[in-house]
Amino acid sequence: MSARLLSRWAIVLGVAVAAIFPLVLPSWATLITLILAKGIVVLGIIILLQAGQVSFGHAMFYGVGAYTVAFWERYVGAADLMLFLLLGPVIAMLFGLLIGLFVVRYREIFFGMLNLAFSMVLWSLLEKLYHYTNGADGIRVARPALAGISFSPEAFQYVLLYLTLALVLVVSYAVQRYLDSPLGHMLRAIKSNETRLEYLGISARRILLIGYVASAFLGGLGGVLVAIAQQIATPEFAYWTKSGEFVFIAILGGTANAFGAFAGAAVFETVRFFASAQLANAWQLILGVVLIVIIMFAPNGLIGLLNRRKAGAPS
Amino acid sequence: MSRVLISARGLKIRFGGVIAADGIDLDVIEGENLAIIGPNGAGKTTFLNMATGYLRPQAGTVSYLGRDITALPPRTITKLGIARAFQIPQLFLDQTVMENMMIAAAAQAGSMSAFRHLLDLPQRKEVEDLLDLVGISAYANRKAFELPEGQRKLVDIALALALKPTVLLMDEPTSGVASAEKLGLMDILTAALARQKVSSVFVEHDMDMVERYAHRVAVWSSGKIQVVGPPAEILNNAEVRERVIGI
């Protein structure tokens, strides 16, 4: 079986599990929603990794998405889920444009650390402006209606799950198209030879900015979904450990295509879910070991294991 | 009457104690292949860097068709029609030769789409023809890092040609290419340049190449253009033979 076909089957299987499993085990519905929503954020990290750039501050866009919902409900009033799904990513994208104009001038460690710095500014503001944000307590997020229909909590978790799954399919397709497009290939070219890119008449900064804004959009979308799934937005959303988590998941899953984000998120959240139940405060230990194993034996991530067959078997 | 394409006037640049350019005046005329020869470290590559905006001269100007381009960045100068091939090939090593070429073609055509597949752009046919012309079609689907040095050199030149430039600046186009293939490469290259009406400047150490392919030769030594003229004249100049060619 070719690697391509194998990947397709893995995707079909993944979608089937995400769609059917929670029907059997309702308690998994929210966990799977979280996995998928975080995978969306990680897609944004994967976009930047194409250019060889690692952002250690991407949780800020995740935070922007979450607080868009929280602030809107607090200061404007209840609104439809559809509005949040549009507004959160768009506001995150505007943030991404502003911050991006600055950070795309830098590369590698400077790029990573500047992103971290910006995210810490946002985190501090969310923590310290207690009057507006409730500080570390966060803001509760009420269950919104969808297209004017209100759901019971039990029904809503399925509504959110299937909506998230549909969004995952849409954004994964869009990201894959983007990575295969001229803009996507130019993004990869930043990693290998920026000099040549400039000598083809292309502005590397502009190419990176487009990728950055796209990744901010995805961060915002993930933030909206998780805030609604967990019914709360806290400064933790924008904290640096959260940013690290997204990078961690990207490396775990593999960065060669969109599917890696979700494979990584699934393993990460599942390990955390079970390890934290069994080992309380030592679940990071398990995750650390998992990452070490991945880096040593599957340097291209979980999806790299599928693609590895390409070298041996004729396709 | 042929136009002057690139015109350098009074270019000066020094790196610490090394004077690479000390009042360089040089014109590139439409339709010609201009060779620049000179000892190693004389500043020939520095000239290409200054002409393409990679380095800013400490004094002097570079103009292109009468427009001052001294302070412009490489990407802007490239868009104006000055393309460059490098002594050490500058490729996107993780991407295939075809992808490399299609990125150049997309840049040239301004196809900055986020949804169309790179390899399905309408420029594909032109790129295939260009790869044929340069003789590297067989490598189209190989990643650039897998290619031998000589073939990478060809891809580097093909990338520049895909930009459909008015002038192509080449830094030792035949270095790294096996001796037996040098003539073949230069035949192909000069034919391609003539067909696409591209003028060229090439820095070269191989005097056979210069004699055979250059219309004019500029001798660069000690930061100055010592003499400019037709190859037959320059290569028989006793002083040039002694100081530059080393015979």
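Trainee: What should I know about the model and its numbering?

Mentor: This is a predicted model, in which local features need pLDDT of at least 70 and side-chain atom pairs count only at pLDDT 80 or more, while totals for chains, interfaces and linings use all residues. Residues are numbered from 1 along each chain as its sequence is written, and chains are lettered from A and ligands numbered from 1 in the order in which they are written.

Trainee: Why is K44(B) called buried?

Mentor: A residue is buried if 20 or more other C-beta atoms, placed from the backbone, lie within 10 Å of its own, exposed if 12 or fewer, and partly exposed in between. K44(B) has 26 other C-beta atoms within 10 Å, and therefore it is buried.

Trainee: Where does K44(B) lie, and with which residues is K44(B) in contact?

Mentor: K44(B) lies in helix α1 of chain B, where a helix is a DSSP run of H or I with at least four residues, a strand is a run of E with at least two, and both are numbered from the N terminus. Two residues are in contact if their C-beta atoms, placed from the backbone, lie within 7 Å; leaving aside neighbours within four places in sequence, K44(B) is in contact with I36(B), G38(B), V203(B) and W220(B). K44(B) and S221(B) are 177 residues apart in sequence, but their C-alpha atoms are 8.8 Å apart in space.

Trainee: What makes α1(B) mostly covered?

Mentor: Eight of the eight residues of α1(B) are buried, and among them are F47(B), L48(B) and M50(B). Just after this helix, G53(B) takes a positive phi of about 85 degrees.

Trainee: How do you know that β9(B) and β10(B) pair?

Mentor: Two strands pair if DSSP finds at least two bridges between them. Strand β9 (residues 216–221) of chain B and β10(B) are joined over five bridges in the antiparallel sense, and the bridge partner of W220(B) in β10(B) is I225(B).

Trainee: In what order do the six strands of the open sheet stand, and why do β6(B) and β10(B) count as its edges?

Mentor: The order is β6-β7-β8-β3-β9-β10 in chain B, with mixed pairing. β6 (82–85) and β10 (224–229) of chain B each have a single partner strand, so one side of each is left without a neighbour in the sheet. Neighbouring strands of this sheet are turned by 20 degrees against each other on average, direction ignored.

Trainee: How are the angles between helices and strands defined, and which helices lie across strands of this sheet?

Mentor: Axes are lines fitted to C-alpha atoms, for helices over the stretch in contact, and angles run from 0 to 180 degrees between N-to-C directions. Helix α1(B) lies across β3, β6, β7, β8 and β9 of chain B and runs at about 145 degrees to β7(B), whereas helix α5 (residues 149–162) of chain B lies across β6 and β7 of chain B, at about 175 degrees to β6(B).

Trainee: What is the order of the open sheet of four strands?

Mentor: The order is β2-β1-β4-β5 in chain B, with antiparallel pairing. β1(B) and β2(B) pair over nine bridges and form a hairpin with two residues between them, where G16(B) in the turn has a positive phi of about 60 degrees. K12(B) stands opposite D22(B) in β2(B). Two bridges join β4(B) to β5(B), which meets the cut-off of at least two, and Y64(B) stands opposite R67(B) in β5(B).

Trainee: How many residues of the two chains are in contact, and what does each class contribute on the side of chain A?

Mentor: 20 residues of chain A are in contact with 27 residues of chain B. The largest share of the side of chain A that touches chain B, seven residues, comes from α8(A). Counting Ala, Val, Leu, Ile, Met, Phe, Trp, Tyr, Cys and Pro as nonpolar, Asp, Glu, Lys and Arg as charged, and the others, Gly among them, as polar, that side has eight nonpolar, seven polar and five charged residues.

Trainee: How close do the axes of α8(A) and α3(B) come?

Mentor: The axes of helix α8 (residues 182–192) of chain A and helix α3 (residues 97–109) of chain B come within 10 Å and cross at roughly 115 degrees. The contact includes H185(A) and M186(A) of α8(A) and I103(B) of α3(B).
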